[in-house]
Structures are given as structure tokens and as C-alpha cells.
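Try each task yourself, then follow the solution step by step.

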Amino acid sequence: MSVMAVLMLPLLLLEISGLLFIYQEVSRLWSKSAVQNKVVVITDAISGLGKECARVFHTGGARLVLCGKNWERLEILYDALISVADPSKTFTPKLVLLDFSDISCVLDVAKEVLDCYGCVDILINNASMKVKGPAHKISLELDRKIMDVNYFGPITLTKALLPNMISRRTGQIVLVNNIQGKFGIPFRAAYAASKHAALGFFDCLRAEVEEYDVVVSTVMPTFIRSYHMYPEQGNWEASIWKFFFRKLTYGVHPVEVAEEVMRTVRRKKQEVFMANPIPKAAVYVRAFLPEFFFAVVACGVKEKLNLPDEG
């Protein structure tokens, strides 16, 4: 009996591998069909996540509108996409200059996109600006700039494109947010405030537009790390805060987030929380044991963090 089990094990592993391969291929084809010929707008397409989203959706056959505040970097992204894509199965991306720190240009961008394609099927709000430092040392000017980029910019573009989706009774809006839309972390007050505001707006919007068959989705990683950045081992002190913060800093790679954005679009998910168990648990601790949560977070205030240049 044991000999038969040993002989059957390789066959079983082969079957499992085959099933996984079939599942991956079906998922890949399903993803392509979900966005093929769809007009997809990606903000901050020149960021790490923006580039990966552009790659995934371009491969899927979407009609991409790539927005960014640097024309040269947009052209580099354009060349990279064109060089590896099959022109018979993909569309030439449209490049648009868009800087959310200048709200006055957002409506013009929306008009340009609608004049070009006539509609927008999927809007991916990806732009984000971060700052770290004591709240009282962050200028109000920088607070406003963060709110413009992380909150007013995305909702202005969303409001400009939404009537078209409502009239066509179809469309999807994806907000790439952050765990700090759920709870704040010391020395990131302005950033957390902007993420709370964005999450609150899109949660409300989801319910308002459901009757028009417009889907609103939020994808929330802990944070998106750079391509070559890995969590430092460090010499962490034996404290609850240090343990929590170390777990929190295990960010998600841009490729993983981009693939999750595609799955979210394909399955029309409403909310996705990309995090390891510690940050996920922190969300529930914040909700049900707030005093304990505040005590743990307050421990982090003792750590001195240097305020970066506002530039």
C-alpha cells in the first residue's frame, strides 16, 4: 500500500500542476476579455504601480489613456509598452499630461479623453503624494497640496467622467488607496487624512451609483514598495509598537497590486485589503478596542523621525 502511495504521489503532483496551469490560463484569458476594447484611464501612470497597471491592461487589449505629470517619462512608458506588445492585439496608448496638484487642469483632461473616445469604461485613480513628519511642522500649504493630489484631484476627475458612465449605465471606478484610509499612523497625519477622505467619498459614491450599474472598487495595500526595496531586518526593540510597525512595513510589490487591480476589475470587487495578518488585525483592534489601539500607536511617537524636505 505504501509503495502504491509513493508511486501515485508524482502523478498527483502532476495533476495538481496541470490544474493550476489551466486555472492560470483561464484567468489570464478571462482578464483579457474583461478589458479588451475598453477605454481605461490610469492616473499617475509613470509611478511604479502605474507602469505595471499599464502593462497588464495594455496586454489585455485595453484602449489606454496614460496620465502623468512628466511628458518625457510618459513617452518612455509608451515606448516600453509598444516595444513588447503585439500590435494586432493591442491599441496605441494615448498620453495625457495631468498633475493633480493643479486642479484647474483636471476638467480639461476629462474633456480631452471624452472627445477622443466618447466614453470611459474604467477609471483607475492611482495618484498619491506622501509626507512624513510631526503634524505641527507640516505647513498648511503642504497639507493642501496633499489633499489636492490624494483627494480633490481624484474626485474632480471622477465627477467629470461619472455622468458619462451613468448615462451609459456601465463603468467602473477603482481607487488605489492605503491602509491609512482605515487608521492613522503617527507622523503621517496629512497623508492619513487625505486617505480617510478619499475612502469616505468613494464608499458613499458606491451606494449612490449602484442603481446605474456603475461599480466602485477600492484596493488598499499596506504600502507599495519599490521594485528593489525589501524590508530591513534591523535591530528591533522588543515592544508591541516595534512588532506592529515591522509587520506594517512589509509592503506589496507593484506587480502584485497591478494584478490585483485587474482581478478587481474582472470580478467587480467592491473592496480589497492587501496586507499580512498584523495590519488586518489592527483594523479590527481599532474598531473594537480603540483605547488599546491608541496606546500601542502612541508608543511610536517616541521614535524620532526626521521631517523630509517639502520638495
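**Exercise 1. Salt bridges**

Task: Find how many salt bridges this predicted model has, and describe the one between E112 and K94.

Solution: 
- Step 1. The count comes to eight salt bridges.
- Step 2. In one of them, the side chains of E112 and K94 meet, with 3.2 Å from N to O. A salt bridge requires this kind of distance to be within 4 Å, and the pair is listed as one.
- Step 3. Now place the partners: E112 belongs to helix 4, while K94 belongs to strand 3 (residues 94-97). They are 18 residues apart, and the pair links distant parts of the chain.
- Step 4. Check the surroundings. E112 has a relative accessible area of 35%, so it is partly exposed. K94, at 18%, counts as buried, because the cut-off for buried is under 20%.

**Exercise 2. Bridges inside a helix**

Task: Look at the salt bridges R206 to D203 and E260 to R263. How far apart along the helix are the partners in each pair?

Solution: 
- Step 1. Start with R206 and D203, whose closest N and O atoms are 2.9 Å apart. Both residues sit in helix 6, three residues apart, so about one helical turn separates them.
- Step 2. R206 is buried at 13% relative accessible area, whereas D203 is partly exposed at 31%.
- Step 3. Turn to E260 and R263, where the closest N and O atoms are 2.9 Å apart. These two lie in helix 8 (residues 254-267), three residues apart, and so are separated by about one helical turn.
- Step 4. E260 is buried, with 8% relative accessibility, and R263 is partly exposed, with 26%.
- Step 5. Finally, look for a further partner: E260, R263 and K269 are linked in a network of salt bridges.

**Exercise 3. Aromatic pairs**

Task: Find how many aromatic pairs the whole structure has, and work out whether F183 and F293 are stacked or edge-to-face.

Solution: 
- Step 1. A search of the whole structure gives five aromatic pairs.
- Step 2. For F183 and F293, the ring centres are 5.2 Å apart and the planes make an angle of 70 degrees. Planes over 60 degrees apart count as edge-to-face, so this pair is edge-to-face.
- Step 3. Locate the two residues. F183 is in the loop between strand 5 and helix 6, and F293 is in helix 10 (residues 290-299).
- Step 4. F201 counts as buried at 18%, and F202 counts as buried at 0%.
- Step 5. F201 and F202 also belong to one aromatic cluster with Y151 and F152.

**Exercise 4. The nonpolar core**

Task: Which residues have the most contacts inside the largest nonpolar core, and which element gives the largest share of this core?

Solution: 
- Step 1. The largest nonpolar core has 38 residues, and L98, L157, I173, F202 and L205 have the most contacts inside it.
- Step 2. Among the elements that give two or more residues to this core are strand 1 (39-42), helix 5 (140-168), strand 5 (171-176) and helix 6 (189-209).
- Step 3. The largest share, nine residues, comes from helix 5.
- Step 4. Zoom in on I173: leaving out residues up to four places away in sequence, its contacts include L162, M165, F202, L205 and V216.
- Step 5. Another core, of 30 residues, lies apart from this one; A54, V174, V219 and A258 are among its residues.

Key: Residues numbered from 1 in each chain as written. Predicted model: local features only at pLDDT ≥ 70, side-chain atom pairs only at ≥ 80, totals over all residues. Heavy atoms only, no water. Core = buried A, V, L, I, M, F, W, Y, C linked by side-chain atoms within 4.5 Å. Buried < 20%, exposed > 50% of the residue type's maximum accessible area, 1.4 Å probe, protein only. Helix = DSSP H or I, 4+ residues; strand = E, 2+ residues; numbered from the N terminus. Contact = heavy atoms within 4.5 Å. Phe/Tyr/Trp six-rings, centres within 6.5 Å; stacked < 30°, edge-to-face > 60°.
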